[in-house]
Amino acid sequence: MTIRALIVDDSALIRKLLSDILSRDPNIEVIGTAVNGKDRLEKIDKLKPDVVLLDNVMPVLDGLKTLARIMKECPTPVVIVSALGERAKEITLTAFEYGAVDVIQKPEGILSQSMPDIAEEICRKVRAAAKANLENLKCMRNQELVEPEINGMREKTEKSRPQRENVFVRNVLAIGASTGGPRALEKLISAFPADIPAAILVVQHMPPGFTTSLCKRLSLKTALRVKEAQEGDRVEEGTVLVAPGNYHMEIVQRTVNGRKREIVHLSSGPKELGSRPSVNALFRSIAPIYGSRVVSLVLTGMSCDGADGAEEVKKMGGKIIAEAESSCVIYGMPKEIVKRNLADFVLPLNKMAEKIIKMIS
């Protein structure tokens, strides 16, 4: 079935670039464009697209307000097309709360060397968005629109704590997510207690730069320390390390002053299954180090990233939890875990935190 896409952006160049990219995919048809949110609201009822590509910063009716009205009046999968800049990224993270399925960065020009990769990513995300479960994207439809507080977030987010010497990490929670993941991560991590006896490692498929904003937002929702991972960061209980966009995050052992320590290693190696960071890369790296102390969680997302790594975790005695289809936005990554009989538990998102605490306490 052909996916019918509507492009909403005030830039004529971006509308053309996106139209050209999508039109090359035989499974996607661009059925129209709109120059702002008000124009889009008039066209969507007439054209009835399967997916809307929506600029996050527009005149007349901006991206957030447009998205809120889409999800209230005519629920449709929406992929945010984000401009550069901190405010644009914060608006995009807020957009996930209002039902956005995914985000892509605006292509910068047809002569860019990375355009083929960008084009494939855009088409892949539109194809995935068309399969999104809208019932699991509606939780904020009836809530009042709140603008993101950029300055307030910057002041509140970094929870510092001194690094502790020679502290044994009792458990490691390794979480992989893609489409629909930002909302899922917020719900899951906010349910963990401050004294959770585990280090938490997260791979969320996102473009470069957006993981910084994701960490800020997650930090506001939890008593845990949330940090975008950097080379050499220590793995510690009570700390959430998030793989930065465009880098694989692996855990390696290093000997420092005669003591073995587990630290972060970031790699810009080849993409795996079209993604960098890769869930597989994280899972594979922790399996031989932590063995039975690992609980790997595979949340909502397209593709099968995480399944190969989960096999390694299982071989070393770790446990695997797959998100149930009932709470997924896209039942792709967890479905592959279930298909391969790797899941020790299949749980909806709202049941995961309670089960994990019982497992590791």
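**Sheet and helices**

Tutor: There is an open sheet of five strands, ordered β2-β1-β3-β4-β5, with parallel pairing. Two strands pair if DSSP finds at least two bridges between them. Strands (E, at least two residues) and helices (H or I, at least four residues) are DSSP runs, numbered from the N terminus. This is a predicted model: local features need pLDDT of at least 70, side-chain atom pairs count only at pLDDT 80 or more, and totals for chains, interfaces and linings use all residues. Residues are numbered from 1 along each chain as its sequence is written, and side-chain values use heavy atoms, leaving out hydrogens and water.

Student: Which are the edge strands?

Tutor: β2 (28-34) and β5 (102-105). Each pairs on one side only.

Student: And what does the twist average?

Tutor: It averages 25 degrees from one strand to the next.

Student: How many bridges link β3 and β4?

Tutor: Four, in the parallel sense, between β3 (residues 51-55) and β4 (residues 78-82). Asp55 stands opposite Val81 in β4.

Student: Which strands does α1 lie across?

Tutor: Helix α1 (residues 12-23) lies across β1 (3-8), β2, β3, β4 and β5. It runs at about 165 degrees to β2. Angles run from 0 to 180 degrees between N-to-C directions, with axes fitted to C-alpha atoms, for helices over the stretch in contact.

Student: Switching topic. How do α7 and α8 pack, angle and distance?

Tutor: Helix α7 (residues 181-189) and helix α8 (residues 210-220) pack at about 30 degrees, with axes 9 Å apart. They are therefore roughly parallel to each other. The cut-offs: under 35 degrees is roughly parallel, over 145 roughly antiparallel, 65 to 115 roughly perpendicular, the rest oblique.

Student: Which residues make the contact?

Tutor: Pro182, Leu185, Glu186 and Ile189 of α7, with Leu214, Arg217 and Leu218 of α8. Contact means heavy atoms within 4.5 Å.

Student: Is α7 buried, or is it exposed?

Tutor: Eight of its nine residues are buried, so α7 is largely enclosed by the rest of the structure. Buried means under 20% relative accessible area, exposed over 50%, partly exposed in between (1.4 Å probe, protein chains only). Among the buried ones are Arg183 and Glu186.

Student: Which way do the residues of β7 point?

Tutor: Ala199, Leu201 and Val203 point one way, and Ile200, Val202 and Gln204 the other. All are buried.

Student: How many bridges join β6 to β7?

Tutor: Six, and β6 (residues 172-177) runs parallel to β7. Val172 has Ala199 as its bridge partner in β7.
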